Amino acid sequence: MTEALFLFASIAGTPIAVRASEIEAVVRLGDIVEIPLVQAHVRGLAALRSRVLTVIDMEARIFGKGDRSQTRLLAVVADVAAHSYGFVVDSVSDICAAPQGVQPIRGRIDPAWAPYASGLVEREGHSHLLLSLADFVAAPGSATLAA
Amino acid sequence: MDEILGEFIAETLETLDALSGEVVAWEADPAEKSRLDAFFRFFHTVKGSCGFLNLPRFEKLAHHAEEVLASIRQGDRVPDPATVTAVLAVMDRIGALARSIGEDEQIPESEDDPLLDALTANSKILSDGFEIFEPLPAKAAPLAIIEDDESKVETAPADQSARNNGSGRERAPRTIRLPLALIDQLMNGISDMVLARNDLARRMRESSAAPDLESSFERLSANVADLRDMISKTRMQRVDRLYAAIPRMVRDLTRDLGKKATLDLDGGDVEMDREMIEMVVDPLTHIVRNALDHGIETPAERIAAGKPETGELRVVARQSGNQIVIEIGDDGRGINRAALVEKAITAGLYSAVDAASLTDAEKLNLIFHPGLTTAAKVTSISGRGVGMDVVRANIEQIGGVIGIISDQGLGTTITMRVPLTLTIIPGLIVRSGDHFFAMPRGNVVELLHQNSAMVAIEEVGGARIATIRGERHALVDLEDVLKIERAEITGPRTLMVIRSSVGQPYVLGVQAVESNEELVIRPASPAINSAGVFAGMTLPDNGQPMLLLDAAGLAQVARLPLRETEGRSRQTAPQAEAVQRVETIQALMYRERDGKHRLIPLAVVDRVEDLAADQITTCDGLAFARIEHRLVPALNTQGSEADTPKSLRLHAGQDQICYLIDDVIDIIEVPAKVDAALATGRLAGLVMVGETQYEMIDPFTLFAEVTQHRGEPMGTTQPIRCLIADESDPWMRSILAPLLVQAGHEVSFGTAATGSPDIILRTEAHAVHATGDVPVLTLREDAASTAATPDSIYRYDRAEIMAAIAQAVRRVA
């Protein structure tokens, strides 16, 4: 059995992990065109070559509000349901295998994180919350715990 | 037409190829429903397309085969091997005929009869049937499948290709079919290339590259642009192509059916994905046939129903957000729900109890069910109830939706909505502060400046109304709808008259319309669509993503009334007018300052405005109103004005008059001819409006009056077109240009002689290539004429400049 690869990053100071099979690339975004009348976590549109990414602010999605002042954002690029998205993260540390796989969450996590975190992944002795990018695209409220 | 024919052939052969695999399976189990349906559909489609293309021979063959299959479907006939063989023989003949279109050598039509006989024959004559179509010429090669004659299979294709290389080659342009995915990839590749080119161009400008490098880049750049245009064209076609065959079909069908109908085609310039057009041709043909056959009644029936003898058939295509909407409407008898329900019960779809609880919409939707039709008898045109289920299957296959609205006795409208993915549409780029949005040009009826003479904006009970040429529209500002901040601007805002697929036209105020571009629209992600005002997104050449506005969505978010209440009345109005045959004009009813109600033709009224009292001056017995640095003659002044008198600004060509009034009352339709001509003084005569008669002003006398007072005609001189050569020069741009404009001249900037200027103005520093005999006027900075050029003029010598311009132009003339 080949070990699954994970992307390790951080959002709002919290270490997170995303299955590498979900993502396409990590890029530094250029200008973001803001979109009126959309929910707060939709930061806007960004061009990646001839593709247009819908930029999702994961922090804003989780906590309901985010910092809009930053520019040159770091984003994880992924296609979800035939649309291209850029998921904003604070930093990216590594892509590597997690020999111990996904483990159940121990302890009670912040309710804000609860709908998104589906497990823990360990890297270099630290636990990372496992997130699924697709959960950040679906309308809020319909997000379910990934099995 | 040739293109459509070519496609028909290609499509028929393709379907035949696909079906040939099913033939054996069908023979093994002829009663199998899905295969039977597939064959049935094939014949029906061929029949439909042939009517469309006027190929009676195909139509006849297909019709008979379809009839046989229909009776098998209904269980009236057993699909015995003889029948199957006969049907397949017809199929092959259709294939052979399709291949022979455009070639000189044709299978004689008389040879079709044995095939048709075989179809209708019972099994006794079966063995004869075989022999009858055996001695066919080699061109009917596919017959070999049935005959199982190997030598024919081998020789026929060779024969065929030889002929193709000969006479057939010039007829049809050579085409190949490509997978659309490949074209999509090409398209994406080109888009990347264009963006890379733009980036490179920007960098080259910044680093001021060597001229020879620049020229080779220019060449590359032009190539990329051409290439992109070509690739874009591979996918897009105008809806016109869909329409091409409809008029002929309507003409032929109405003649065959003994009916009368007018055809109204609209929106032919909407562009659609080629694939979409291919998918929509058949459904559209079916629906138009149905409308003529079942919808529109015979002239006698129509007259009996109190309708005009001639029916009306409308086909309208338009883009609505990220969809193309094609509407086929008739004013016929509508769909008979009771008959549909009865058929559904007979077919065992519903029990009588269930059927009673169906909603009206559900009843209507029964028409899309396979095997149901309201037609009492089967004709060669339609009526087997296959059309609509095929139509729906085709539309849904491309992700579209089909809807039907039918009023019993009033007509039926069928709406096909197909998606617009990867569609290129012309769009207007509008600006609101830092935001840029695209609006499909198809939705924009008209663009106006907010201060245009044709617009009057008022606020009534919170609603903003823009009256444009007498028509009232709801007015909303884009910034308000999108809840974004409104930027402070100096110039007037732009008003766009928007027509969306639903509801009434409305006026959208935007900060400015920046440009007009061809945009490749992609679907936006659900998070963006949830806002309800965006139809898609696009990436223009500057690399900044942009959202496409959805005209209907904006109206919805702005809570504009969407229901088209005028629809019916508008349809009946022209008829009523036609009966009376009275020509009308629009007239403005207003109250004179003495309280009398009068009319003035609306065409001469430029705008209604409130003047400030100090704007009006009397000078030597004649009053003038000062409007935007000009003096306009004013009529009806009462010495020194108080408050803010209302004024009608009248215009006739270059002349303008302010006609002071008490108030505006209404805009009404009046007969163009006055009922009692007076022709004395300012009045043209009396006009009857309802129960009252009004005096109609004769605008001509007003202008004559003013001109007479002034003694000389106003502003009849042609404006002079001035070209300012060095646009970067701040003095030229901000001092000279306004001066020239104020003097009534037209000003343009640039080095090239765009728009054939009458005179070119330049500074000493800027060399100008004299083009033709256009005079060049040099302006110097020093007051003394010591400069090199002798004919230069000091740039602050205004009188001299104006005189020189006038003189230079006169010299040319």
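A salt bridge here is a side-chain nitrogen of Lys or Arg within 4 Å of a carboxyl oxygen of Asp or Glu. Keep that in mind for the first stop, the boundary between chain B and chain A: the count of salt bridges between them is zero.

Before you click on, note that this is a predicted model, where local features need pLDDT of at least 70, side-chain atom pairs count only at pLDDT 80 or more, and totals for chains, interfaces and linings use all residues. Residues are numbered from 1 along each chain as its sequence is written, chains are lettered from A in the order in which they are written, and side-chain values use heavy atoms, with hydrogens and water left out.

**The interface.** Show both chains. In contact (heavy atoms within 4.5 Å) are 28 residues of chain B and 18 residues of chain A. Together the chains bury about 1,900 Å², 70% of it on carbon and sulfur atoms; buried area is the accessible area (1.4 Å probe) that two parts lose on being put together, summed over both. Now select A527(B), M537(B) and P545(B), which supply 26% of the area that chain B buries against chain A, more than any other three residues.

**The core.** Next, pick F87(A), L508(B), F534(B) and L554(B). These have the most contacts inside the largest nonpolar core, which has 61 residues. Such a core is a set of buried Ala, Val, Leu, Ile, Met, Phe, Trp, Tyr and Cys residues joined through side-chain atoms within 4.5 Å, where buried means under 20% relative accessible area and exposed over 50%, with partly exposed in between (1.4 Å probe, protein chains only). Zoom in on L554(B): among the residues it touches are M439(B), L478(B) and Y506(B).

**Charged pairs.** Over all chains, the structure holds 27 salt bridges. E59(B) lies in helix α3 (residues 56-73) of chain B and R289(B) in helix α14 (residues 274-295) of chain B, so the pair ties together parts that are 230 residues apart in sequence. Helices are DSSP runs (H or I, at least four residues), numbered from the N terminus. Both E59(B) and R289(B) are buried.

Then go to R123(A) and E124(A), a salt bridge at 3.7 Å, N to O. Which of the two is buried, and which exposed? R123(A) counts as buried because its relative accessibility is 15%, while E124(A), at 65%, counts as exposed.

Last stop: select R464(B), D477(B), E479(B), D480(B), R486(B) and R493(B), which are linked in a network of salt bridges.

Conventions:
Helices (H or I, at least four residues) and strands (E, at least two) are DSSP runs, numbered from the N terminus. Lists of a residue's contacts leave out its neighbours within four places in sequence.
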